[in-house]
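Work through the exercises below with the structure open beside you. Try each task before reading its solution.

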Amino acid sequence: MENQISDIRREYRKHKLTPDTLSNNPFEQFQHWLDDALNSSEEEPTAMIVATVSADGHPSTRTVLLKGVENGKIIFFTNYESRKGQQLTANPYLSLSFVWHKLERQIHIEGKAEKCLPEYSDAYFASRPYKSKIGARISPQSRTISSRMEIMRAFIYEAAKLTGQTIRRPDNWGGFAVTPTRFEFWQGRENRLHDRFEYTLQSDKSWQRVRLAP
Ligand SMILES: Cc1cc2nc3c(=O)[nH]c(=O)nc-3n(C[C@H](O)[C@H](O)[C@H](O)COP(=O)(O)O)c2cc1C
C-alpha cells in the first residue's frame with residue numbers, strides 16, 4: 001500500500017507563470033487567478049486553508065470559504081469563539097492557502113486578521129439561507145457535544161422559537177478581514193521546476209516581487 005501511494009505522481013504542464021504576464025499588483029493577480037478558478041471545474045474554488053497559531057505557538061489549520069476581497073482585505077466568516085476564533089483573538093497573524101488542483105496552482109497569503117465591523121457582518125449574515133442562520137446561532141463551534149441529537153434539538157428549538165421573526169446575527173459569529181503582507185503564486189511546471197513568485201509589502205506600501213526557486 002505504502003509503495004502504491006509513493007508511486008502516485010503526475011507532471012504539471014498546463015500553464016506557466018512569467019514576469020511579463022504577472023500583474024505588478026498581487027491583488028490583481030489574485031483576482032485573475034480566482035476568476036480562472038471560478039471558471040474552471042474546481043469543486044470549491046473559494047475554499048481556502050486558514051492556518052492560525054495558538055498563544056503557546058502551536059499551529060493549526062482548517063478550510064473556510066472566501067467571502068470577499070474588498071479594500072485590500074480578504075474576508076471570511078466564522079464563529080469568533082471557535083478554536084480559530086480564539087487563536088486569532090490571541091494572535092492575529094495567519095496564513096491562507098488556496099489550492100486549485102485542476103489548474104495546478106496554489107496561492108499562499110500571509111497577513112493579519114481583524115474582526116469585521118458589526119454592520120458588515122450583519123449584512124452578510126442577512127444574506128445567508130434561513131437554516132444556515134439558525135445553525136450559526138446554535139452551534140458552539142469547536143466545543144465538545146454529547147451527540148448529534150443535542151445539536152439537532154437545539155436547531156429545531158431555535159427554529160421554532162424564531163418562527164416568523166427576523167433572524168439576527170449572534171455576537172459570537174462574524175467576519176475576519178485579513179490584511180496581506182505577503183503573497184506567493186505557485187504554478188506547477190514540468191520536472192518539478194515550478195514557477196513561484198513572491199510579493200512582499202514594503203514600508204512605503206509598494207509591493208516587491210521576486211522569483212523563488214521551486
Ligand atoms: C469546503 C469547506 C468550507 C468550510 N467553510 C467554513 C467557513 O466558511 N467558516 C467556518 O467557520 N467553517 C467552515 N468550514 C469548517 C471548518 O473547516 C472547521 O471545521 C470549523 O470552522 C471549525 O474550525 P476550528 O475548530 O479550527 O475553529 C468549512 C469546511 C470545508 C471543508
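**Exercise 1. Find which residues Leu 96 is in contact with, leaving aside its neighbours within four places in sequence.**

Solution. Step one: list the partners. Leu 96 is in contact with Met 48, Ile 49, Val 50, Ile 74, Ile 107, His 108, Ile 109 and Val 178. Contact means heavy atoms within 4.5 Å.

Step two: check the source of the model. This is a predicted model, in which local features need pLDDT of at least 70 and side-chain atom pairs count only at pLDDT 80 or more, while totals for chains, interfaces and linings use all residues. Residues are numbered from 1 along each chain as its sequence is written, and side-chain values use heavy atoms, with hydrogens and water left out.

Leu 96 lies in strand β4 (residues 93–100). Helices (H or I, at least four residues) and strands (E, at least two) are DSSP runs, numbered from the N terminus.

Step four: look at its cover. Leu 96 has a relative accessible area of 0%, so it is buried. Buried means under 20% relative accessible area, exposed over 50%, and partly exposed in between, with a 1.4 Å probe and protein chains only.

Step five: take one distance. Leu 96 and Thr 52 are 44 residues apart along the chain, and their C-alpha atoms are separated by 9.1 Å.

**Exercise 2. Work out how β2 is joined to β1 and to β3.**

Solution. Start with β1 (residues 47–53). It runs antiparallel to β2, and 7 bridges join the two. Strands pair if DSSP finds at least two bridges between them. Thr 52 stands opposite Ser 60 in β2. The hairpin of β1 and β2 has 5 residues between the strands, and Gly 57 there takes a positive phi near 90°.

Now go to β3. It is antiparallel to β2 as well, with 4 bridges joining them. Glu 70 stands opposite Lys 73 in β3. This hairpin has 2 residues between its strands, and Asn 71 in the turn has a positive phi of about 50°.

**Exercise 3. Describe the shell around the ligand.**

Solution. First, name the residues. They are Arg 62, Thr 63, Val 64, Leu 65, Phe 77, Thr 78, Ser 82, Arg 83, Lys 84, Gln 141 and Ser 142. Each has a heavy atom within 4 Å of the ligand.

Second, sort them by class. The shell has 3 nonpolar, 5 polar and 3 charged residues. Here Ala, Val, Leu, Ile, Met, Phe, Trp, Tyr, Cys and Pro count as nonpolar, Asp, Glu, Lys and Arg as charged, and the others, Gly among them, as polar.

Third, find the polar contacts (pairs of N or O atoms within 3.5 Å). A side-chain N or O atom of Arg 62 is 2.7 Å from an oxygen atom of the ligand. For Leu 65, a backbone N or O atom lies 3.1 Å from a ligand oxygen. For Thr 78, a polar side-chain atom lies 2.6 Å from one.

Fourth, take the cover. Alone, the ligand exposes 620 Å², and the protein buries 64% of that. Accessible areas come from the Shrake-Rupley method with a 1.4 Å probe.

Fifth, assign elements. β2 (59–70), β3 (73–79) and α3 (83–90) give two or more residues to the shell. The largest share, 4 residues, comes from β2.

**Exercise 4. State how many helices and strands the chain has.**

Solution. Count them: 6 helices and 8 strands. Then check the burial: of the 214 residues, 40% count as buried.

How values were computed: A polar contact is a pair of N or O atoms within 3.5 Å; within protein, one must be able to donate a hydrogen and the other to accept it, and residues adjacent in sequence count only if both atoms are side-chain atoms.
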